[in-house]
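Visitor: I would like to learn how to read a few features of a model. Can we take them one at a time?

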Amino acid sequence: MRTKSLKKNKINVITLGCSKNIYDSEVLMGQLRASGKEVEHEAPEAEEGNIIVINTCGFIDNAKAESVNMILEYADKKERGLLDKVFVTGCLSERYRPDLEKEIPNIDQFFGTTELPQLLKALGADYKHELLGERLTTTPKNYAYLKIAEGCDRPCSFCAIPLMRGKHVSQPIEKLVKEAEGLARDGVKELILIAQDLTYYGLDIYKKRNLAELLEALVKVEGIEWIRLHYAFPTGFPMDVLEIMKREPKICNYIDIPLQHISDSILKSMKRGTTQAKTTQLLKDFRAAVPGMAIRTTLIVGYPGETQEDFEILKDFVQEMKFDRMGCFAYSHEENTSAYLLEDNVPDDVKKERANEIMELQSQISWDLNQEKVGQTFKCIIDRKEGGHFVGRTEFDSPDVDNEVLIDATKYYLKTGEFASIKITEATEFDLYGEPA
């Protein structure tokens, strides 16, 4: 028996995991809206509608647990008559569908990462090919993600992404330019280029690494002022990208290049195809080619066989390289990866301790680098107003993961979604404070 009156067939899409999932949810919602469906992204409970689509993450243990808990929560709501239908899509669903169908039978249907037309059909909508690149964006109006490729061909031992997302498939340049033009018409000023691996872009369709050519095309899109690069694999990085980054003001002096580790024995076991010497040289080349560029990386600690000596090598590297931004994760032992055959022999408490040590080290580095910014003026994009502050970012900061610039809203007025020159007056480890210059 239904316990509350619900609006007829309102669809609520819930997104878990990374920016690539956000992009997929936006494409799904764009298709649903085009079919005349009422659709919301993460609507509050009172307005959430009677049909739920959960876009899941299956990357590491914490993400899987969050996804499973979300599925169980909505399966329970359905059981209690608060919802009509619950559908599950995304990476967890791709990877563990038989288990999920068996353990949570109350879900209407599970879909994988490549089954958008089938999911739309289940939701009573048609897949419209002519909508390629059309999305219902969920980010603040001034920035949007642009997914330039799907899947990954790298053999990294610890990573389950190829199991969930398949082989690397690049999107053609003309399609991406068309999508960027549509986003610019909607007021988007910053494009954040994402893929499992930007470095590999173009090899499958153009038979060469073609990221630089894509950037040359995207900088011509009117209305786009910033283009940011996320998730570039270090091995085989196309160095011509740095030339255009230095020459073209629209391309942010910023790169996210996940290195994962630096000890040669761990890199070899991880199948990263590089060494400490090559990686160190690559980063030096980056900084020589584009002075002042911000480098973000992610590291994994507690990988099988990581000794205290390996960890000390990593710490020394972090101290030496002084990354502008960093994330550090405890290794997660993922079934069906090649590292799963190794013994997960670093205790959980040691993994956590090592991750904390790295982040404490990074916190001090970030503090020192931020103090150097005090007194300087930066072009900032103002993302939102929150509490008593306008919250913005410099070109060296990506949304949700990096530093923010806070401006006192009781003293100054700024337009959200617009650029402003901000003079930095004060800095902490992960935040800058400023005033209009």
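Visitor: Leaving aside neighbours within four places in sequence, which residues is Gln260 in contact with?

Guide: This is a predicted model, where local features need pLDDT of at least 70, side-chain atom pairs count only at pLDDT 80 or more, and totals for chains, interfaces and linings use all residues. Residues are numbered from 1 along each chain as its sequence is written, and side-chain values use heavy atoms, without hydrogens and water. Contact means heavy atoms within 4.5 Å. By that rule Gln260 touches Phe158, Met270, Arg272, Thr298, Leu299 and Ile300.

Visitor: Is Gln260 buried or exposed?

Guide: Buried means under 20% relative accessible area, exposed over 50%, partly exposed in between (1.4 Å probe, protein chains only). Gln260 counts as buried because its relative accessibility is 11%.

Visitor: How do α6 and α8 pack?

Guide: Two packed helices are described by the angle between their axes and the distance between the axes. Helices (H or I, at least four residues) and strands (E, at least two) are DSSP runs, numbered from the N terminus. Axes are lines fitted to C-alpha atoms, for helices over the stretch in contact, and angles run from 0 to 180 degrees between N-to-C directions. Here α6 (residues 173-185) and α8 (residues 211-218) have axes 10 Å apart, at an angle of about 35°. Ile173, Leu176, Val177 and Ala180 of α6 meet Glu213, Leu214, Ala217 and Leu218 of α8.

Visitor: What is the strand order in the open sheet?

Guide: Strands of a sheet pair through backbone hydrogen bonds, either parallel or antiparallel. Two strands pair if DSSP finds at least two bridges between them. The six strands run β6-β9-β10-β11-β12-β13, with parallel pairing. β6 (143-147) and β13 (325-330) each have a single partner strand, so one side of each lacks a neighbour in the sheet.
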